[in-house]
Amino acid sequence: MLVIVNFNFQNKLVSSVKATFLTLLIFFITGCADKKSYLSEIPDIEFFTIKPISAFDISKVEVFDAQDWPFVKDTSNYFSSIGDIKLVTKNKIWISDPISGVVAEYDSTGKKIRIILDSGRGPNEVEKPSSIIKTNNSYNQFYHIYDVGQKTLIKIDTSGLEHSRFNSSLLGINGLENKIILKENNRILTSSLLYPEYSLIELDSVGNFSKGIVKKIIPDGFQPMTHNNIIFEFSRTNKKLVYAYSGIPIIFINDQKNQIGIDLEPKKQLSEINTLLKKLPQNKQITVKKLIKNILIDETNNQLIVSYLNDILFIDLEKNKIYLYSFFNRNKEKIKFHTFKKVGDKIFLINFFTGNIKCISLSALKKSNNT
Amino acid sequence: MKSILKRLFILVAVLNFSFIPSLNAEGICYNGDCMYYVITDDFGYSWFLYCEDGTSESGRTANTGPGEPPAEYVGNCEL
């Protein structure tokens, strides 16, 4: 009797262990399958080696000396929005304002000097100016202003005089910021939802489609379409393309040697941080969060600068090192920003909602690393 | 900037009272008050919303057509 009881007990124990093991196995498999299914929906991901951010040596740095950029306090300088900021000369800064429809020039103290391009549709006029792109030829320095309102690229010289313009229906729209990169022979890289199949496309020098670069995640005719929005940067020097679907926490780096993806949220499912990639009918109202806000390539220091949520990551691929910066004001409140710009030796954190611009010098950041 | 902030404040009030603002060609609107940033194109409206907490959202809605009710904003922006 005792033996039978013992046998039953052993049986129950074995069953219990089996059940627990099975449950854990199912949980594990389900978890993996979910994660895998999310990654497997990203086009061409099989060509990339995906590394979790935890594979890097990460230093977290808190910065407390972010300053207000002076001119935001000057009420005569009110502007409605910021599309781009460019350092034209040491004492000349251009800022595009897509909502007011102007490009204005400021000095380094934040004093408004003049309007470069005023609102309108004529020569030296713009509707919704966004990117300011520096271009050089052998003799002169020019800037192209991307007018997202007219889908037009306007070429101006450093004095602000317009030289030429052309429009293309394929130039993309991505909110207040609309990055355009001019490659060699004035070929254009633009993130556009308007071309079938591809999110990042290359146009020729007059705006005709040349080739697709990055495929769409969500096919045309389905929602959530804005998961197709691409944040990108291209280095002409070493032909390096760095991009991300702005709602997906993975940075893709494609150069002539390697194709690497960095997963910024390796332990999270997409459902925890953003709208899923599930295809829905076109008339379904749905929203997508922008997780990756901006990507820059710092060729001088051979690193990537990426803003993810309200942090900025400096990624050194050769040293396998990431500095993750969080910024705080003097009251130790975290600074919340929608994008950042690198202007000379400074990083500008821009909040479109409040109009606030914080300014941090890169040398101060380097100093923070050493402390 | 002031007028935009005023409009944003109105949207804050709208969201706090659980009304659903609508999307149309002028922006995300409630009772005629609109905020940016909405662009119409061949497919309909592309909109971009910049929230106070530093998050931003984007969406696209098909043209609802004349006489049809405007699309609703369904995002999670906590203003």
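## Confidence

The average pLDDT of chain A is 85, and 86% of its residues score at least 70.

Two stretches call for some care. Over residues 1–7 of chain A, pLDDT stays under 50, and the model has 0 contacts there beyond four places in sequence. Residues 30–34 of chain A also stay under 50, with 2 contacts beyond four places in sequence. Where pLDDT is low, the predicted coordinates should not be read in detail.

## Salt bridges across the chain

Counting over all chains, the structure holds 17 salt bridges. Asp44(A) and Lys215(A) form one of them, at 3.5 Å from N to O. This pair links distant parts of the chain, 171 residues apart: Asp44(A) sits in the loop between helix 1 (2–40) and strand 1 (49–52) of chain A, and Lys215(A) belongs to strand 16 (residues 209–215) of chain A. Asp44(A) counts as partly exposed because its relative accessibility is 23%. Lys215(A), with 27%, is partly exposed too.

Another salt bridge joins Lys341(A) to Glu177(A), with the closest N and O atoms 2.9 Å apart. Lys341(A) lies in strand 28 (residues 339–343) of chain A and Glu177(A) in the loop between strand 12 (162–167) and strand 13 (180–182) of chain A, so the pair ties together parts that are 164 residues apart in sequence. Here Lys341(A) is buried, at a relative accessible area of 10%, and Glu177(A) is buried as well, at 11%. Both residues also take part in a network of salt bridges that links Asp84(A), Lys86(A), Glu177(A), Lys290(A) and Lys341(A).

Lys334(A) and Asp311(A) meet through their side chains in a salt bridge of 2.8 Å, N to O. Lys334(A) is in the loop between strand 27 (321–327) and strand 28 of chain A, while Asp311(A) is in strand 26 (residues 311–316) of chain A; the two are 23 residues apart.

## Nonpolar cores

The largest nonpolar core has 44 residues, and those touching the most other members are Tyr243(A), Tyr245(A), Ile248(A), Ile251(A), Ile262(A) and Ile315(A). Strand 19 (residues 240–245) of chain A gives this core its largest share, 5 residues. Apart from this core lies another, of 29 residues, including Ile82(A), Val148(A), Cys359(A) and Phe48(B).

## A five-stranded sheet

Chain A has an open sheet of 5 strands in the order 2-27-26-25-24, with mixed pairing. Strand 2 (57–63) and strand 24 (292–298) of chain A form its edges, each pairing on one side only. On average, neighbouring strands in this sheet are turned by 20 degrees against each other, direction ignored.

How values were computed: Residues are numbered from 1 along each chain as its sequence is written. Chains are lettered from A and ligands numbered from 1 in the order in which they are written. This is a predicted model: local features need pLDDT of at least 70, side-chain atom pairs count only at pLDDT 80 or more; totals for chains, interfaces and linings use all residues. Side-chain values use heavy atoms; hydrogens and water are left out. pLDDT is the predictor's confidence in each residue, from 0 to 100. Contact means heavy atoms within 4.5 Å. A salt bridge is a side-chain nitrogen of Lys or Arg within 4 Å of a carboxyl oxygen of Asp or Glu. Helices (H or I, at least four residues) and strands (E, at least two) are DSSP runs, numbered from the N terminus. Buried means under 20% relative accessible area, exposed over 50%, partly exposed in between (1.4 Å probe, protein chains only). A nonpolar core is a set of buried Ala, Val, Leu, Ile, Met, Phe, Trp, Tyr and Cys residues joined through side-chain atoms within 4.5 Å. Two strands pair if DSSP finds at least two bridges between them. Axes are lines fitted to C-alpha atoms, for helices over the stretch in contact, and angles run from 0 to 180 degrees between N-to-C directions.
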